[in-house]
Amino acid sequence: MRVTISVPDSVYAEARQIMGARPFSEFASEAIHARVQQLRRDQLAREMAEGYRAEAESPSLDPEWAD
């Protein structure tokens with residue numbers, strides 16, 4: 001998919017210094033993919049924490065199975 005984005009000059013210049021000879025679009029795609037994966041992990045961690053809190057407040061496991 002072709003997308004047009006605006007990037008601050010300073011960010012573009014810094015990216016150019018560290019990305020080597022790769023095309024900017026490839027670098028940007030990898031960076032966006034990495035950020036999306038991080039956001040998914042963060043969301044999963046929040047959902048797990050919420051689930052653990054809910055389970056601690058109101059256990060769904062039969063008390064006979066506890067311990």
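Here is a chat about a predicted model of a chain.

Reader: How do you know how the chain compares with a compact globule?
Author: Look at the radius of gyration. A compact globule of 67 residues would be near 11 Å, but this chain has 22 Å. Its C-alpha atoms fill a box of roughly 65 × 25 × 20 Å along the principal axes. As for burial, 6% of the 67 residues count as buried.

Reader: Why is the pair of Tyr12 and Phe24 called tilted?
Author: Start with the general idea: a pair of aromatic rings is described by the distance of the centres and the angle of the planes. For Tyr12 and Phe24, the centres are 4.8 Å apart and the planes sit at 55°. Rings pair if their centres lie within 6.5 Å, and planes under 30 degrees apart count as stacked, over 60 as edge-to-face.

Reader: What makes Phe24 and Phe27 an aromatic pair, and which kind?
Author: Their rings are 6.5 Å centre to centre, with 35° between the planes, and that makes a tilted pair. Both residues lie in helix α2, three residues apart, about one turn of the helix. Put together, Tyr12, Phe24 and Phe27 form one aromatic cluster.

Reader: How do you know that Arg22 and Glu30 form a salt bridge?
Author: Their closest N and O atoms are 2.4 Å apart, and the cut-off is within 4 Å. The structure holds one salt bridge. Both partners are partly exposed: Arg22 has a relative accessible area of 26%, and Glu30 is at 42%.

Reader: What lines the largest pocket, and what kinds of residues are they?
Author: The lining is Met1, Arg2, Val3, Ile5, Phe24, Ser25, Ala28, Ser29 and Ile32. Those residues divide into six nonpolar, two polar and one charged. About 230 Å³ of space lies in this pocket.

Conventions. Residues are numbered from 1 along each chain as its sequence is written. This is a predicted model: local features need pLDDT of at least 70, side-chain atom pairs count only at pLDDT 80 or more; totals for chains, interfaces and linings use all residues. Side-chain values use heavy atoms; hydrogens and water are left out. Rings of Phe, Tyr and Trp (its six-membered ring) pair if their centres lie within 6.5 Å; planes under 30 degrees apart count as stacked, over 60 as edge-to-face and the rest as tilted. Helices (H or I, at least four residues) and strands (E, at least two) are DSSP runs, numbered from the N terminus. A salt bridge is a side-chain nitrogen of Lys or Arg within 4 Å of a carboxyl oxygen of Asp or Glu. Buried means under 20% relative accessible area, exposed over 50%, partly exposed in between (1.4 Å probe, protein chains only). On a 1 Å grid over the protein atoms alone, a cavity is a set of points where a 1.4 Å probe fits but cannot get out, and a pocket is an open set with protein on both sides within 12 Å along at least five of seven lines; lining residues have an atom within 4 Å of a point. Grid points are joined across faces, edges and corners, and a volume is the space filled by probe spheres set on the points. Ala, Val, Leu, Ile, Met, Phe, Trp, Tyr, Cys and Pro count as nonpolar, Asp, Glu, Lys and Arg as charged, and the others, Gly among them, as polar. The radius of gyration is taken over C-alpha atoms; the globule rule is 2.2 Å times the number of residues to the power 0.38.
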